[in-house]
Amino acid sequence: MNPQTLNPALDKAATPNPALADLQDIILPDPIGAWPWAIGYWLALAILLALLIATILWFKKRAAYLAPKKAAQGLFTALDPHSNQYPSDVNQLLKRTALSYLPREMIAKLDGPAWATWLDSHLPTKQRGRIGPLLDKRHQAKPLSAEEALELQALARSWFASKAKLSTPIMHTAANQNPSTSAAVTSVPAKPAEEQC
């Protein structure tokens, strides 16, 4: 082939354009990294961290609040339900546990029906009204029967296992009562034990 007979269009494509020769290659920017995070990520992390710390503090506070009941459960399992002293031992353990939560001047003076009413207010609704008569048998010569001992054991176990916050009993005096007589005691109206968990 004769170089003079080449197609002039092919000849132009083979020779570079002098204006394009001065252009530089395209320089790509550095890839976007993960750091530094945008402000939204920092805010989300701060909120998550605050929630985590609040949850941990709540669980620690709750564990500290329930520690006396947990310790009492350990002592309760050591009691012998077949002992003649069982109702007295259970009553003493319930009172000691209640004193761990509430002021001594409010709990120490509770006895008899007032004590039973206060204990009942911290039991599930279906178990109320039964612990008082069983604890009253601690003053009788005839000990608890095996069924009564098991019932008292179940009621006390339920009271110890309740995670409901214990309320302070409120003293009510009737207008027709003599100030020297004992006042009726009821506990502060609270949610049922099963709703407070």
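**Figure 1. The whole chain, element by element.** Helices here are DSSP runs of H or I with at least four residues, strands are runs of E with at least two, and both are numbered from the N terminus. With that in hand, you can read this predicted model as α-α-α-α-α-α-α-β-β, going from the N terminus on. That makes seven helices and two strands. Of the 197 residues in the protein, 27% count as buried. The exposed surface comes to about 14200 Å², and carbon and sulfur atoms supply 63% of it. Now think about who touches whom: among contacts between residues at least 6 apart in sequence, 59% join residues at least 24 apart.

**Figure 2. Helix α5, tucked in.** Zoom in on residues 112–120, which make up helix α5. Seven of its nine residues are buried, so the helix is largely enclosed by the rest of the structure. Which residues of α5 are buried? They are G112, A114, W115, A116, W118, L119 and D120.

Figure 3. T97 sits in helix α3, which covers residues 86–101. Is T97 buried or exposed? Its relative accessible area is 3%, and the cut-off for buried is under 20%, so T97 counts as buried. Leaving aside residues up to four places away in sequence, T97 touches P68, K69, A72, W159 and F160.

Figure 4. Seen close up, W35, W37, I39, Y41, W42, L43 and L45 make a nonpolar surface patch of about 830 Å². Pick out W42, one of the patch residues. W42 belongs to helix α2, which spans residues 39–78. With a relative accessible area of 41%, W42 is partly exposed.

**Figure 5. R138 meets D111.** Side chains of opposite charge can pair when their charged atoms come close. The salt bridge count for this protein comes to three, and the one shown here joins R138 to D111. Their closest N and O atoms are 3.1 Å apart. R138 lies in the loop between α6 (131–136) and α7 (146–161), while D111 lies in the loop between α4 (104–107) and α5, so the pair ties together parts that are 27 residues apart in sequence. D111 is partly exposed, at 45% relative accessibility.

**Figure 6. E151 meets R130.** Here is another salt bridge, this time between E151 and R130, with 2.7 Å between the closest N and O atoms. Where do the two residues of this pair lie? E151 is in helix α7 and R130 is in the loop between α5 and α6, so to speak a link between distant parts of the chain, 21 residues apart.

**Figure 7. K137 meets E148.** The side chains of K137 and E148 also meet in a salt bridge, at 2.4 Å from N to O. K137 lies in the loop between α6 and α7, and E148 lies in helix α7, so this pair ties together parts that are eleven residues apart in sequence. K137 is partly exposed, and its relative accessible area is 23%.

Note on methods: Residues are numbered from 1 along each chain as its sequence is written. This is a predicted model: local features need pLDDT of at least 70, side-chain atom pairs count only at pLDDT 80 or more; totals for chains, interfaces and linings use all residues. Side-chain values use heavy atoms; hydrogens and water are left out. Buried means under 20% relative accessible area, exposed over 50%, partly exposed in between (1.4 Å probe, protein chains only). Contact means heavy atoms within 4.5 Å. Accessible areas come from the Shrake-Rupley method with a 1.4 Å probe; for residues, only the protein chains shown count as cover. Patches are made of residues with over 30% relative accessible area and no salt bridge: like charges are joined within 9 Å, nonpolar side chains (Val, Leu, Ile, Met, Phe, Trp, Tyr) within 5 Å. A salt bridge is a side-chain nitrogen of Lys or Arg within 4 Å of a carboxyl oxygen of Asp or Glu.
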